[in-house]
Amino acid sequence: MTVEAPIRVEDKLFQNRYLVDVGNAHIKVKPHTKPSAELLALIKVCPAHCYELNTNGQVEVTPDGCVECGTCRVIAEGNGDIEWNYPRGGYGVLFKFG
Amino acid sequence: MIEERFDAIVVGAGMAGNAAALTMAKRGMKVLQIERGEYPGSKNVQGAILYADMLEKLVPNFREDAPLERHLVEQRFWMMDERSHTGLHYRSDDFNEEKPNRYTIIRAQFDKWFSGQAQEAGAIVLCETTVKELVKDAYGKVIGVITDREGGEVHADVVVLAEGVNGLLGTKAELRDRPAPDNVALAVKEMHFLPRETIEARFNLKGDEGVVIEAAGTISRGMTGMGFVYANKESVSVGIGCLVADFQKTGETPYDLLERFKKHPSIAPLIEGSEVKEYAGHLIPEGGYKAIPQLYGDGWVVVGDAAQLNNALHREGSNLAMTSGRIAGEAIFQVKSRKDPMTKENLALYKKMLDDSFVIKDLKKYKDMPDLLHIQSQNFFLTYPQLINKALQNFVRVDGTPKVDKEKVTIKSFVSARSWTGLFGDAFRFARAWR
Ligand SMILES: Cc1cc2nc3c(=O)[nH]c(=O)nc-3n(C[C@H](O)[C@H](O)[C@H](O)COP(=O)(O)OP(=O)(O)OC[C@H]3O[C@@H](n4cnc5c(N)ncnc54)[C@H](O)[C@@H]3O)c2cc1C
Ligand code: SF4
């Protein structure tokens, strides 16, 4: 099998319309030293690739490209790893087709 | 915010919320509907197939001005392995009827129209407003909502929670749990634009005829999930969804799965040369009957995806949402007409009416299916599709091997993969869950 170049989800998100609520992230990761298995899973499962490992080995979220699916909430809100809310009314992703 | 008091507040302007708001407004109730999106539909994602019957009950002449894409004349089910698919196609000219049964739609456009119907009937729709919390009185009865608007508290006799699958408000108010990873699927979807003649030629259509393809098999890489390709007028919706718990377990990425699905030799030619204009992701409730939460209480009812009313096996959700919204609206109106308070006992009427509808009857019928598919996902989504496709290739390929020998090879491949007891067990369990 040929090895394919990894898919750049950023290119996909570029097609979407967003109204980013600057300075008001609707999702927050609780401070941690070592990420839980749930937090680590988010790096892969988030369809907008909002979660990444920083240089200190902690999981960070940048929800600018978030499609507001709620997957990370289902996985990681229960154990207190993240705080999840919808963006303020009118902000966030604006689907043209949906 | 708004000083006056309402008969009902509906949270959400999706399929369920619009149906509820329209039903109550039509009966003269004072309805406030609150939607967080820029306009109704701007946050919503669907395949999307619309079922006419359930909409007809709300807007009898919807065909005159609703934004519809294509009416379906053909449905394909594909069982896929890496390079092939085995298909079951049903096509009938009967579906070219005067009042077609199913259509493809684009949710952002459809929801805007649907909400317009509720507004025409007198509902007040407030967009760009997120409801943050439910307001309860000292006895725990829901009496209104708090929004993110300035001074954003509004009161009503009853709140209809039509907030969709995430159901944030219901969870915060401890009316129901947050969805569990094995009760929801994450679907990702793209909109591929092509000239309509190209779509018609590739899908074998004329005029406004439409086709949908539902696909299962190795495309979900052993996870419980399905892919879809739906033909719209000038676009093709392509998506794939799998259980969140399975994504979590396998570490597969949703976009990688979608890319592979698009590159499958059976799918790629259908969307070749298209311009992609949107990438969306959304959850689908998959827990079925056993996952339905408490549906009503003092001053509130919950409808649609927020109540897990979704038939994942048949890919029906919007019609269950519309129907539960309509029934909730009718039940609330009945309670109100009797001048009874919106208590838990009185709102139990909603549940009673829902139990009598296809919504609960269908979900009950398949109550064991989610468990079976989840536990057996490797067999149903990897082993069988591979075996069946191999068997058919063996059957179709003409190479001088006597047919008896071909048959033996096929049977042997099934038995060695699953053993006789395994095969019979699966067939039995599947039949029982289907019944
Ligand atoms: C990829 C995909 C394909 C699908 N395909 C089909 C199909 O082909 N046919 C079918 O019948 N079903 C399909 N479904 C299922 C269908 O989309 C849902 O069942 C249906 O949309 C549920 O309607 P709803 O009104 O309950 O929720 P939604 O349509 O999700 O509406 C919820 C609304 O509430 C709003 N909201 C939420 N919280 C708040 C808040 N706090 N304040 C204000 N507003 C809020 C949201 O913005 C949204 O507008 C599909 C789903 C997906 C994800
Ligand atoms: S809600 Fe969905 S898109 Fe947004 S950060 Fe969470 S997983 Fe990613």
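## Thr129(B)

Thr129(B) is buried, with a relative accessible area of 1% (buried means under 20%, with a 1.4 Å probe and protein chains only). Thr129(B) sits in the loop between strand E7 (124-126) and strand E8 (131-136) of chain B. Strands are DSSP runs of at least two residues (E), helices of at least four (H or I), numbered from the N terminus.

## Basis of the model

This is a predicted model: local features need pLDDT of at least 70, side-chain atom pairs count only at pLDDT 80 or more, and totals for chains, interfaces and linings use all residues. Residues are numbered from 1 along each chain as its sequence is written, chains are lettered from A and ligands numbered from 1 in the order written, and side-chain values use heavy atoms, without hydrogens and water.

## Ligand 1 and its shell

Ligand 1 lies between chains A and B. The residues of its shell divide into 19 nonpolar, 14 polar and 8 charged. Here Asp, Glu, Lys and Arg count as charged, Ala, Val, Leu, Ile, Met, Phe, Trp, Tyr, Cys and Pro as nonpolar, and the others, Gly among them, as polar.

## Polar contacts

Polar contacts here are pairs of N or O atoms within 3.5 Å. A polar side-chain atom of Asn44(B) is 3.1 Å from an oxygen atom of ligand 1. A backbone N or O atom of Val131(B) lies 2.9 Å from a ligand nitrogen atom.

Terms used. A residue is near a molecule or strand if one of its heavy atoms lies within 4 Å of it. A polar contact is a pair of N or O atoms within 3.5 Å; within protein, one must be able to donate a hydrogen and the other to accept it, and residues adjacent in sequence count only if both atoms are side-chain atoms. Buried means under 20% relative accessible area, exposed over 50%, partly exposed in between (1.4 Å probe, protein chains only).
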